[in-house]
Amino acid sequence: MAKKTELNGATVADTFLAALADRGIDYAFVNAGTDWAPVAEALVKISETGGRAPKFINVPHENTAMAMAHGYYLVSGKMQMVGVHNNVGTANALCGLMNASHDHVPVLLVAGRAPITEQGSDASREVLVHWAQENYDQGGIVREQVKWDYELRAGQEVEDIIDRALDIAVTAPEGPVYLMLPREVLTAANSGSTAKPRRRVFGAVPPQPNEEAIKEVAKWLASAKNPLIITSVAGRIPENIDNLSSLAEKFALPVAQHGARCVNLPSRHPMNLGTLTDDMVERADVILVLDCEIPWIRRQTGPAPETKVIHLGIDPLYQEFPIRGFEDDLAIAGGSLTAIPMLQDVLSTHLSEDSLTVAARRQEIVQAQSERQALLEEILEKSRSQVPINPVWLSACIDAVSDDNTVIVNEVGLNVNHMELNHPWSLFVGPPVGGLGWSLGAGLGAKLAAPEKDVIVVLGDGAYMFANPTPSHYVATAENLPMLTVVINNSGWEAIRRAVQSVYPNGRAISSNRMPLVHLDPSPAFEKVVEASGGWGERVTDPEDLIPTLKRAWEIVKTEKRQALVNVICG
Ligand SMILES: Cc1ncc(C[n+]2csc(CCOP(=O)(O)OP(=O)(O)O)c2C)c(N)n1
Ligand SMILES: [Mg+2]
């Protein structure tokens, strides 16, 4: 006869939930399985007895759940939990996990385990799948993408295990951690009915840059004629936007962005050169690569041999990449939050902001910026009436209907050079590993973290189909998270067409009538998919209709609190 599971006394599951809530895990984005039975039981007990637990949100795809935790963190800086079903749920979460890992986003990913006993406990195996759902090494599925993985064992203090997981996840470089919970352990009685409190702040203080090394950088920058700062994510730390603005402005140090995933400088900052171009790299005599994984594309460009190159970041060598061969004269491990003001202080002792060098450079940059602006306007003018709609025009239209309260989550296709983005929350771009299907979930997480903000997700037609649209639209309605989705629909995978063109510029595929592997036609009526969850959808083909349709969609999102989708037929 099996032992009776605990009905009234405290179980490990109760303590687990209370400990999470006490540690600031407000949400659990969960896609459950048979392994989650003890948690379902504990949640009801907790609600009846006034206990504490994160709010559980049912998310009908693991990738979406991962992306929700990801988006939530980007907007709030607060780590959350994702719950999945043993090995199979873990497999489905893996792409989202890679996105979090390479974007340095901490997430507590919790997976059940198939019951480890065949008999002898109420938690023992009761369905066929429990045999095949046990892996020899379940943690091995995720080990390359997480900073820590562990299985909670019988008799262990659950709070200590959670604390260890959270400490590791939030310590820079941040990243996901993986905890497995066997059903037998969760159902076991736990004598301590209240979770042990947490005494100190989470994680370790990030490494500080070496002062001597910063002095060296300041010396090089002070004597540079054409210095250049390249970044992709410095602005992920909101204070960095002001600090970098001040450093760049004071000493006329231009900033270009390569693979920017956030706002690093306000768009109209005089030193913001926008997207990096090859000639900027080739012309510079000192380059500071600041919080940037991929500063340029090596097969295409690179600094001159005498150019001094500095890489600065928490891990300036990006050891997560097996190969990364960007040259440098100095690599400095340290947090940019400290490094930027430190550099500004030291640079002030070498270079006066009123010096002739700085004044001349400022003048030159002002001139170059006005030429750049004129060119951008010319490009925009040409795109304005093109059919099918040009993504440049779409970017400008999205900009036109956005304001300081807008959060843009972009997976594929926006041209930020045609937009004005000024705040830390104005833009979040998909992770560098590019596991498609991220942005709908990330947008939902962003909206949950900042319900007062207006969230717009912009993604390609390919990305939309990767993003589990039915689960995502379902969550938007079920959890009251209305947002606007804009699909840049070119009926295919333009990225693949570009790759073929790049590798075989004179090849057969590029001149064939229909290139293989790139077409997604007939294109589905995505505007109807959102209707299935009570949303509003519209398709736009005429560039003149774009702004009015986007405005109408926003109106529905903001006043009716209904999600909306605009399917933009693009070239
Ligand atoms: C999970 C995943 N599978 C496949 C790819 C390879 N891939 C990169 S871009 C791309 C096409 C994206 O299509 P879409 O969103 O329509 O953007 P477009 O290329 O048309 O601009 C694909 C399939 C990927 N990055 N991630
Ligand atoms: Mg496409």
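Predicted model: local features only at pLDDT ≥ 70, side-chain atom pairs only at ≥ 80, totals over all residues.
Residues are numbered from 1 along each chain as its sequence is written, chains are lettered from A and ligands numbered from 1 in the order in which they are written, and side-chain values use heavy atoms, with hydrogens and water left out.

The protein contains 20 helices and 18 strands, these being DSSP runs numbered from the N terminus (H or I, at least four residues, for helices; E, at least two, for strands). Along its principal axes the C-alpha trace spans about 85 × 60 × 50 Å. A compact globule of 571 residues would have a radius of gyration near 25 Å, and the 26 Å of the protein agrees with this; the radius is taken over C-alpha atoms, and the globule rule is 2.2 Å times the number of residues to the power 0.38. Of the 571 residues, 53% count as buried, where buried means under 20% relative accessible area, exposed over 50%, and partly exposed in between, with a 1.4 Å probe and protein chains only. Among contacts (heavy atoms within 4.5 Å) between residues at least 6 apart in sequence, 76% join residues at least 24 apart.

Ligand 1 is surrounded by 14 residues, and the closest are Gly 434, Asp 461, Gly 462, Ala 463 and Ala 495; a residue is near the ligand if one of its heavy atoms lies within 4 Å of it. This shell divides into seven nonpolar, five polar and two charged residues, where Ala, Val, Leu, Ile, Met, Phe, Trp, Tyr, Cys and Pro count as nonpolar, Asp, Glu, Lys and Arg as charged, and the others, Gly among them, as polar. Helices α15 (461-466) and α17 (494-503) each supply at least two residues of the shell, and α15 gives the most, with four residues. A polar contact is a pair of N or O atoms within 3.5 Å; within protein, one must be able to donate a hydrogen and the other to accept it, and residues adjacent in sequence count only if both atoms are side-chain atoms. A nitrogen atom of ligand 1 lies 2.8 Å from a backbone N or O atom of Gly 434, and a polar side-chain atom of Asp 461 lies 2.6 Å from an oxygen atom of ligand 1. Taken alone, ligand 1 exposes 580 Å², of which the protein buries 73%, areas that come from the Shrake-Rupley method with a 1.4 Å probe; for residues, only the protein chains shown count as cover.

Helix α13 (residues 391-400) is mostly covered, with seven of its 10 residues buried, Trp 393 and Cys 397 among them. Their cover includes α12 (356-383), β13 (406-410) and α20 (546-559).

Asn 468, in the loop between α15 and α16 (469-478), is buried because its relative accessible area is 14%. Its side chain makes a polar contact with the side chain of His 61 (3.4 Å). By contrast, Glu 144 lies in the loop between α5 (129-132) and β5 (149-151) and counts as exposed, because its relative accessibility is 73%.
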